[in-house]
Amino acid sequence: MLELKNCNVFLDEDSLGELGAMLDADKHHSILLVTGSASYEASGARLLLAPLLEGREVTRVFDFQTNPQKSDLCRILDEISGINFSAIIAVGGGSVIDVAKLIKCFRQASDQIDKVLCSDREAKPSSAALFALPTTAGSGSEATQFAVLYDGAVKHSIAHPKLLPDAAWLLPSILSSVPRDIAAAAALDAFCQGVESYWSIHSTDESKNLARRAICLTWEFMLPAVIDHDKAAIREMAKAACLAGMAINLTKTTAPHALSYALTIHFGLMHGHAVGLMLPDIYKYNEAVGNEDVLDHRGVEYVRRVMTEIAMMLSCSSVTDAAEAIRERIKNLGLPNSLSAAGITNKKQHELIIKDGFNPDRVNNNPRKLSIQGLHSILAVTSK
Ligand SMILES: [Fe+2]
C-alpha cells in the first residue's frame, strides 16, 4: 500500500475487501458508480465489485466522452439531480476518474460551473466519499486533486484538495486487461508526468524524490508491462503512475502537457501519446536555457543540472541521447513517434496546436520561457 497524505492506495490483488469494509463502516448504502462504457465489463471490475455492491442502491453513469466535455457534465448532473448517494466509486481511466471528481465537485452547484471554470469562484465539492479503481496505470488521477474538463476545444483544470480520492485500488488483474495502445499511452503519461514534475519550476525536494522514483520505475517497466503483459511489471507501473500523480499534485505539469491537450482535442491523439510526442524536443529546448529566458529562480546551472539528472535516470550520457531514447521508446511501445507519423504535417495544424495549447499558466511552469515563435520551431522539429 502507498500512503498519501489523505488517501490510501492499495496495490495488492486481494485488497478490494477494504473497499467493502469502508462502505460498511461509513454506512454508504447508496452509491454512484462512474465507469467507462466497455472497460467496466472487459476489465473484470464488474465481477470483482458485484459482491461488495450487493444490497446497496447503485446508480451507474457511463455515457460520456473520453475527454469529458462541459455539456456531458451538465447532462449527467441533470440526470442524477434527484438521486441520493453518499459515495462515488470511479472505475476506469483518467477521464472516468475526472468525471467522478467533477460530479463530486458540482452535484450541488451545477449553476456554478462557468464561474469556477473562469476562476471567478472557488470550487466547493460535496461531502460524498470518492473511491477510485483505475483501469489504466498512467494518469495518476487517483493521486491528485485535479480534474480536467473541456469546453469545446478549451481545456480547464479544476483543483481542490477534496477532489483527491479517499482511497484507490490499482489491481494488476484489472490493469492487465487494457488494450495495448491504451496501456502504452497511459505509460507515457506517467513517465512524462514524472519528467515534467522533476523539471517544474515548482519542484521541491519532496516532489523531486517522488518524480525520480516515477521516472526510474516507468522507464524500467513500461515495455514489459505494455508489450509482455508481465504481471510484476504492471504492478511496478501502477506504483509509478501513482508516484507521478503524487509528484504533479505538488508541482502541476509543464509545457508538454499544455500543448498536448490541443493535439488530443483537434487530432484525436490519446493524452499520454500526445504528451510523449511533445516531450523530447521540449526537453532539448529546456537544456539550452540561458540567463535571458530562465524561469526557475534557482538559475541556469540548476536547470541544466536537472536536465542532465533526467538523462542519467534513463541511463543516457546526454540530453540529446535521452531525447532520442524517449522517441525510440514511443516507437517500441507501438505508437507513431513523430507528429508527421501521427498525421500532423503542416503549419496550419501547428498554428491550431499553439492557439489552443499555449496556456500561459502551464507553460510558465516550464523552466525555460516559451514564446510562440519558439513553439513553432519546436513543432517543426517534432514533425520530422
Ligand atoms: Fe497527463
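Q: How many bridges join strand E3 to E5, and in which sense do these strands run?

A: Two strands pair if DSSP finds at least two bridges between them; helices (H or I, at least four residues) and strands (E, at least two) are DSSP runs, numbered from the N terminus. In this predicted model, local features need pLDDT of at least 70, side-chain atom pairs count only at pLDDT 80 or more, and totals for chains, interfaces and linings use all residues. Residues are numbered from 1 along each chain as its sequence is written, and side-chain values use heavy atoms, with hydrogens and water left out. Here, five bridges join E3 (residues 30-35) to E5 in parallel, and Leu 33 has Ile 89 of E5 as its bridge partner. With strand E6 (residues 129-134), E5 pairs over six bridges, also in the parallel sense; Ala 90 stands opposite Ala 132 in E6.

Q: Which residues of E5 are buried on each side?

A: In a regular strand, side chains alternate between the two faces of the sheet. Ala 87, Ile 89 and Val 91 on one side of E5 are buried, as are Ile 88, Ala 90 and Gly 92 on the other. Buried means under 20% relative accessible area, exposed over 50%, and partly exposed in between (1.4 Å probe, protein chains only).

Q: Which residues are the protein donors of the iron ion?

A: Donors are N, O and S atoms within 2.8 Å of the metal (3.2 Å for Na, K and Ca); water is not among the atoms, so sites may look incomplete. Asp 189 (OD), Gln 193 (OE1), His 257 (NE2) and His 271 (NE2) lie 2.1 to 2.2 Å from the iron ion. Asp 189 in helix H8 (residues 180-199) and His 271 in helix H12 (residues 271-287) are 82 residues apart, a pair that links distant parts of the chain.

Q: Are Asp 189 and His 271 buried or partly exposed?

A: Asp 189 is buried, at 5% relative accessible area, whereas His 271 is partly exposed at 22%. Of the 20 residues of H8, 17 are buried, so this helix is largely enclosed by the rest of the structure.

Q: Which element gives the largest share of the lining of the largest cavity?

A: Rolling a probe the size of a water molecule over the atoms shows where empty space is left. On a 1 Å grid over the protein atoms alone, a cavity is a set of points where a 1.4 Å probe fits but cannot get out; lining residues have an atom within 4 Å of a point. H8 gives the largest share, three residues, of a lining of 13 residues.

How values were computed
1 Å grid on protein atoms, 1.4 Å probe; cavity = no way out; pocket = protein on both sides within 12 Å on 5 of 7 lines; lining within 4 Å.
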